[in-house]
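Please read these points with the model open beside you. They cover the pockets, the cavities and the ligand site.

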Amino acid sequence: MKKIIYPLFIIIIVFSCQSPNSQITEKEKFINSLLSKMTLEEKAGQMNQYNGFWDATGPMPEGDYQKKRYNELKNGQVGSMLNVIGVEEIRALQKIAVEETRLGIPLIFGHDVIHGYKTIFPIPLAESSSWDLDLMEQSARVAGSEASADGLNWTFAPMVDISRDARWGRVMEGAGEDPYLGSLAAKARVKGFQGDDLNDISTIVACAKHFAGYGFSEAGRDYNTTDFNHYTLHNTIMPPFKAAVDAGVRTFMNSFNTLDEIPATGHKYIQRDVLKGDWKFDGFIVSDWGSIDQMIPHGFARDGNHAAELAVNAGSDMDMESSLYVSQLAGLVKSGKVDEEKINDAVRRILRVKYELGLFDDPYKYCNQERSDLELGSNDNMNVALDAAKKSIVLLKNNNQLLPLPKSGEKIAIIGPLANDKNSPLGNWRSQAVHNSASSVLEGMSKYNGNRTVYEKGVDLYYGKTNFHNRVKINYDDRSDFGKAKLAAATSDIVIMVLGEEGHQSGEGRSRTNIGLPGLQLELLKEINKVNNNIVLVVMSGRPLDLTWEDENIPAIVQAWHLGSKSGDAIAQVLYGDYNPSGKLTMSFPRNVGQVPIYYNFKNTGRPSTSIEQVTNSGYADVENSPLYPFGFGLSYTNFSYSNFSIDSDKLGFDSKINVSIEIENTGFYKGKEVVQLYIRDIVGSIARPMKELKGFETVELAPGESQKISFQIDSSLLEFYSYNNKWEAEVGKFHVFIGGDSNVSEYKEFYLTD
Ligand code: NOJ
């Protein structure tokens with residue numbers, strides 16, 4: 001065999017071309033050189049993002065507004081567009097940017113690919129209930145790949161807002177109330193969308209949003225102001241954003257709310273000092289839709305000119321739909337109100353991300369119709385959606401082992417408006433999903449035909465059509481179908497009731513003050529319960545609902561969220577026991593709406609309450625403080641028992657580790673999965689510390705009779721928090737550690753962190 005000898009200098013060249021430093025240099029050189037050619041107006045143009053404003057593959061735009069935007073696009077005054085859908089449209093607009101503008105800088109195309117593009121996955125809150133990080137990464141990967149196959153290269157996801165208030169409709173978009181799990185979910189989703197290489201055609205840019213504090217909207221009212229302290233910002237709200245940065249997220253979106261009385265869009269501390277300063281984030285920040293302009297009604301900016309000045313000085317790099325950067329920035333620089341270096345910095349960030357996507361090499365790389373036709377909604381993708389849907393379901397109650405259903409013999413009545421609904425399970429952010437394309441519970445259950453099943457709607461949940469822009473019109477008066485449903489229930493052995501929220505009742509702008517079953521559904525449930533109590537209640541919702549009456553009266557309850565394209569199949573597989581439910585809640589379910597905001601990692605207060613009889617303690621006169629179903633809770637068809645909880649030392653140094661372990665045994669009759677959770681309480685701190693904080697978890701799968709030892713390692717980094725000294729540090733002192741199947745676990749071991 002001939003031996004090839006490479007001259008040393010070739011090897012050096014090859015290696016030096018591949019070293020990350022030289023890549024960075026090449027990239028930055030390219031960006032600087034391009035920047036040096038740009039006029040101030042073109043720079044402001046890169047910072048301008050427009051919603052798709054006309055059918056680019058049809059006739060030229062008409063109307064002054066559209067023509068103005070079209071001319072700006074041709075003049076190089078648009079850097080990005082959102083909500084332009086499909087290969088043809090995207091190609092047509094990219095062509096204008098690349099071929100008709102002076103510098104030919106390609107556009108970056110963004111869209112809300114939140115839980116799927118054409119194949120729809122469970123809403124993120126549901127998916128977080130799987131506690132399965134690989135699954136979260138995989139579903140984001142599929143969603144990103146489908147979007148990229150259809151021409152897009154940027155998603156406005158993941159939403160990593162911590163949320164404690166079920167009145168807020170957007171809880172559906174996040175991973176729930178916990179910063180530790182929220183951080184891991186943020187990382188998984190960023191990795192899923194972006195992969196290891198943004199230049200790859202199947203990956204897209206992710207966007208961590210909404211920076212920051214949006215999940216704390218007062219009274220759960222969307223877009224409302226917030227009121228939380230500096231430590232809550234750092235200890236609870238910021239960690240998932242930091243995790244997203246650590247995972248390499250390339251864009252951020254700021255939020256609509258004020259924090260510290262300053263709109264996030266104009267907030268220098270969070271954007272410049274923390275994100276771009278302390279965290280060294282070198283991607284770019286896009287405003288939320290119109291949020292620059294909205295600083296005027298906030299009472300923070302006098303007019304559009306002032307708003308643009310405040311936003312850019314505070315570090316907002318791209319203007320989504322306020323049209324203020326494109327109209328005001330050049331003037332602001334010329335008048336000396338904005339330093340051109342700030343504009344240069346913003347443009348550099350935007351060009352950097354475009355460069356990383358490879359758009360300067362091939363601006364049409366995502367525009368491949370053949371790929372789109374092949375990939376969107378493919379069987380492989382739908383199988384991932386089915387897997388995700390099954391793993392997201394949480395079994396809340398199962399008295400008398402009513403579930404799983406027997407596969408033959410019994411007569412089953414399926415009742416409820418959502419049982420036959422192929423649209424609601426798609427949730428609110430359904431992107432390119434075909435209307436009515438989810439599998440319904442009826443369809444899913446019909447695949448198990450060993451039973452005699454009948455279906456009765458029982459009641460209409462809503463009137464007319466529903467969509468993203470309109471309120472769902474709920475039925476409050478038509479009970480005409482109650483009778484038929486009662487008859488079906490009375491003549492059946494088991495009743496499956498599928499109730500909950502229509503898909504557009506949660507999501508953006510969908511705040512509710514009453515979080516019970518909407519409309520007449522609870523009334524129907526009570527009526528059915530009178531004639532047959534063998535009820536399995538399947539709850540579809542985008543948020544924790546108040547299920548107190550249901551919990552007291554209904555023997556089996558399954559939380560089935562909005563599970564996406566394969567919803568009905570997944571629910572049926574769980575009901576019939578082909579999948580043993582393994583989900584655990586990531587948001588506490590309140591006893592009633594008066595308890596919200598409610599979350600497991602609360603602080604003790606000086607007068608903690610242990611019963612409602614205590615008067616001058618921190619409790620309510622009518623319900624106890626605890627939630628109906630706590631964070632981390634979820635049942636299985638089998639049972640798990642925990643024993644032999646032990647700790648190998650009660651002293652931890654800053655450079656040492658200790659181990660805690662526990663044995664878990666499957667004591668039931670089905671193979672099942674359990675998420676074993678580790679919580680720590682820091683007993684005394686320089687600021688008051690939460691009663692418990694999730695610090696680790698592991699999922700185990702056990703056959704009946706099987707047991708396994710689970711160990712967790714604790715070191716001082718696990719004990720760090722943003723302290724009174726305004727820095728992340730662990731403080732010496734006493735800690736309690738808990739291991740169990742939900743956040744209610746009470747048995748603990750004690751240890752001390754010592755110098
Ligand atoms: C407003 C929403 O708050 C944000 O999350 C979304 O990405 C933008 N609209 C664009 O649709």
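**Notes on the spaces in this model**

1. Domain 1 (5-372) and domain 3 (640-754) each contribute residues to the lining of the second largest pocket, so this pocket lies between the two. The domain bounds come from an automatic or database domain assignment. The model is a predicted one, in which local features need pLDDT of at least 70, side-chain atom pairs count only at pLDDT 80 or more, and totals for chains, interfaces and linings use all residues. Residues are numbered from 1 along each chain as its sequence is written, and side-chain values use heavy atoms, with hydrogens and water left out.

2. The terms need stating once. On a 1 Å grid over the protein atoms alone, a pocket is an open set of points with protein on both sides within 12 Å along at least five of seven lines, while a cavity is a set of points where a 1.4 Å probe fits but cannot get out; lining residues have an atom within 4 Å of a point. Grid points are joined across faces, edges and corners, and a volume is the space filled by probe spheres set on the points.

3. The second largest pocket has a volume of about 830 Å³. Its lining has 37 residues, and Pro 179, Asn 235, Pro 239, Glu 720 and Trp 728 are those nearest the centre. Which element supplies the largest share of this lining? It is α9, with 10 residues. At least two residues each come from α8 (179-194), α9 (230-246), α10 (268-278), β23 (693-702) and β25 (721-722). Helices (H or I, at least four residues) and strands (E, at least two) are DSSP runs, numbered from the N terminus.

4. By class, the lining of the second largest pocket has 18 nonpolar, 8 polar and 11 charged residues. Here Ala, Val, Leu, Ile, Met, Phe, Trp, Tyr, Cys and Pro count as nonpolar, Asp, Glu, Lys and Arg as charged, and the others, Gly among them, as polar.

5. The largest pocket holds about 1,000 Å³ of space. It is lined by 33 residues, with Phe 602, Ser 609, Asn 625, Ser 626 and Met 691 nearest its centre. The lining divides into 14 nonpolar, 15 polar and 4 charged residues.

6. How many cavities of 30 Å³ or more are there? The count comes to 3. The largest cavity has about 130 Å³ of space. Among the 18 residues that line the largest cavity, Ile 114, His 115, Pro 124, Glu 127 and Arg 189 are closest to its centre. α7 gives the most to this lining, with 4 residues. By class, the lining of the largest cavity has 12 nonpolar, 3 polar and 3 charged residues.

7. The second largest cavity holds about 90 Å³. Residues that line it include Met 38, Glu 42, Leu 73 and Ile 105. Its lining divides into 7 nonpolar, 4 polar and 1 charged.

8. An oxygen atom of the ligand is 2.6 Å from a side-chain N or O atom of Arg 170. For Lys 209 the corresponding distance is 2.8 Å, and for His 210 it is 2.7 Å. The protein covers 94% of the 290 Å² of accessible area (Shrake-Rupley method, 1.4 Å probe) that the ligand has on its own.

Note on methods:
A polar contact is a pair of N or O atoms within 3.5 Å; within protein, one must be able to donate a hydrogen and the other to accept it, and residues adjacent in sequence count only if both atoms are side-chain atoms.
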